[in-house]
Every structure is written in C-alpha cells, then in structure tokens.
Amino acid sequence: MVEVTPFKRQLLKWVGSKARVAHRIIAHFPDGFATYHEPFLGSGAVLAALRPERACASDLFAPLIEIFTALSRDPEVVKVWYGERLAHFQSGPALERYADIRARYNAAPNGADFLFLSRACYGGVVRFRRKDGAMSTPLGAHPLMPLARFSDRVDLWAVRIRSTTFATCDYREAMARAAPGDLVYCDPPYATSQSILYGAQAFQLPELFGAIAECKARGVRVALSIDGAKKSGRRDCAPEVPAGLFERAVTLDLGGSMLRRFQMEGGQMDGEEVSDRLMLSW
Ligand SMILES: C[S@@+](CC[C@H](N)C(=O)[O-])C[C@H]1O[C@@H](n2cnc3c(N)ncnc32)[C@H](O)[C@@H]1O
C-alpha cells in the first residue's frame, strides 16, 4: 500500500486525465519497486502524484512529451511558452487569437502551442478531426490561468518529475524496457470511445494484454486501468480480460468522467455510470 497526498493541480488538461483519482490508484501500488514506468503518460497525473525516485514515462503523442522534456530540462522554458501565448491571446479578439495559435499548431504540431491549446480549449477536451488529424476544439468559455499562477504550478511539477526520463514511443517499446522488480502502470485509450481523441491513433487492447503477459513472465508488476462498467441503458461496454493475466481487480468509482460529460452534452445522462477498474498482475 503506497500512500500519497492527493495532487490534483493539472499542468495540462487532457481527456481521461486521472488527476482526481491518481492517489486512489497509487494506493494499490506495491510498497517497493525499482523503476516506475508509465507508457500511456497523457497529462502525467499519476506520475506527478506518485513522485517516483526513478521513472521512465512515455506516450505516442509527441507534443505532450515535448512539454515534459522541456519541463525536466528547464522549467523556465515552459513558463515562457505559456506566457508568450497568453500575451498574444490577450492582445486582441479572443476567438481570433485562439484561432491563430491553433492554426500554427496544426501547420506544425509542437509542444509549446499544444500546452496553451490544452489549457484554453473548450472543456479541456482536445479533439482531432478524423479526415486530416487537425486539432479542432474551439475556445473554451473559462478564464485562462494568469502567468504567475501557472508558473507556480510549473515549479511544483518540475520537482515531481525530476527523476523521470521521457520518451515519445509506442507502449510496446516502453514496456519491453521494464526489468524484473519494476512497476508498470498502464492507462490506455478507452477501447470503446476514444478513437477521435489522441490523434486517432490505432490502439488494440488485445495487443496490450500480450505486452502485459510478457512483463509479468519476467517479473515486472503491471497495473492496468480499464474502463469498467460503463452502462448506457442496457449496453455494457466492459472489455474482456484474458483469464489468469491479473491476480486482482479493484473498482474505482469515477463519478462521471470529463469525456463522458462531453459526449453526453445535450443527451441524457440517466443510467450512465462510470467506473474504472484497476487490474493488478500480482
Ligand atoms: C487515457 S490517456 C492517459 C491519461 C493519463 N493517465 C492522464 O492522467 O492524463 C491514454 C494515452 O495513451 C496515449 N496512446 C495512445 N496510443 C498509444 C500507443 N500505442 N503507445 C503509447 N501511448 C499511446 C494517448 O496519446 C493518451 O495520452
């Protein structure tokens, strides 16, 4: 049982962020492990709450990793990125200024613009158009965080990730690097509902189960978050998990995720329960 104080201050907004439940996930991690691996890093909520002594974190989405790499090398760079874009945004009509930054990002995806867009876009739900992969979310209605507050947040995060190395890579490559005694935490895309998110990357849950089995066979412990009982009317979208791969499962009540709320906007929320399962290989 690992106890950490909840740390819910997000650096980035990202669909499926575990910011609200990271400490509850971590409570099920083993007391001791060598290196911590997080191959579906997203906004890094679990990594930041855990604050591991040695870690490797990765994601297939390069702009995210560009932000974390900058944060680990020189946090001041991340503050400047945000500050410059905030100043541009505030220098004229909000919709136009936001569109400028989004157009520049879409012309050449990069961490600096992505950081701003993730904080400024509607509901913090970054979406990509299916036909050309362009980031399409409109400007949100919320006020943007002032630079001084954002800078404080950057400093808090920099301390938490200072023992982590970051890489842009597929989870299979990242998991193949885990050694006996290490711990891997996987939070893959929701198999049933996230195809328009994360740049429409192809993701197959059965292949992840294969990578987990290989880790387990060589003495690497794996924890997996998986969308559990997601009941919409009579439809239950819980995916099948191979028998014998995990030793235990814990159900975490998420109380309605951001993604769910977004998708159900204008639709009926009745009968919609969201819970996450945490599967443990040990
Ligand atoms: C549910 S999100 C992770 C959210 C994260 N736990 C957080 O708190 O923000 C899933 C992540 O998997 C990444 N991803 C999708 N396919 C991948 C792949 N094949 N290899 C590595 N990462 C992948 C996406 O870019 C996305 O950031």
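Two residues are in contact if their C-beta atoms, placed from the backbone, lie within 7 Å. With that idea in hand, here is one thing to look for: what covers the buried residues of helix 6? The cover includes helix 3 (62–73), helix 4 and helix 5. Keep in mind that this is a predicted model.

**The chain as a whole**

- The chain has 282 residues, and 38% of them count as buried.
- Among contacts in the chain with a separation of 6 or more, 70% join residues 24 or more positions apart.

- Helix 6 spans residues 111–120 and is mostly covered, with 10 of its 10 residues buried.
- Among these buried residues are Phe114, Leu115, Phe116 and Leu117, and the charged-looking names on the list include Asp113 and Arg119.

**Helix 4 against helix 5**

- Two packed helices are described by the angle between their axes and the distance between the axes.
- For helix 4 (residues 75–90) and helix 5 (residues 94–107), the angle is about 140° and the axes are 8 Å apart.
- On the helix 4 side, Arg85, His88 and Phe89 take part, and they meet Ala94, Arg97, Tyr98, Asp100 and Ile101 in helix 5.
- The residues of this contact divide into 4 nonpolar, 1 polar and 3 charged.

**A closer look at Gln90**

- Gln90 and Leu144 are 54 residues apart in sequence, while their C-alpha atoms are 9.8 Å apart in space.

**The largest nonpolar core**

- In soluble globular proteins, nonpolar side chains tend to be buried together.
- Here the largest nonpolar core has 69 residues, and the members that touch the most others are Val46, Ile67, Leu115 and Val184.
- Why does this core lie between domain 1 and domain 2? Domain 1 (22–61 + 162–280) and domain 2 (69–153) both give residues to the core, so it lies between them.
- Beyond its neighbours within four places in sequence, Val46 is in contact with Lys18, Ala22, Ile25, Ile26, Glu38, Tyr185 and Asp187.

**Around the ligand**

- The ligand is surrounded by 21 residues, and the closest are Gly16, Phe40, Gly42, Ser43 and Ala45.
- Sorted by class, this shell holds 12 nonpolar, 5 polar and 4 charged residues.

Notes: Residues numbered from 1 in each chain as written. Predicted model: local features only at pLDDT ≥ 70, side-chain atom pairs only at ≥ 80, totals over all residues. Core = buried A, V, L, I, M, F, W, Y, C linked by C-beta atoms within 7 Å. Buried ≥ 20, exposed ≤ 12 C-beta atoms within 10 Å, placed from the backbone. Domains from an automatic or database assignment. Near = placed C-beta within 6 Å. Axes fitted to C-alpha atoms, helices over the stretch in contact; angles between N-to-C directions. Helix = DSSP H or I, 4+ residues; strand = E, 2+ residues; numbered from the N terminus.
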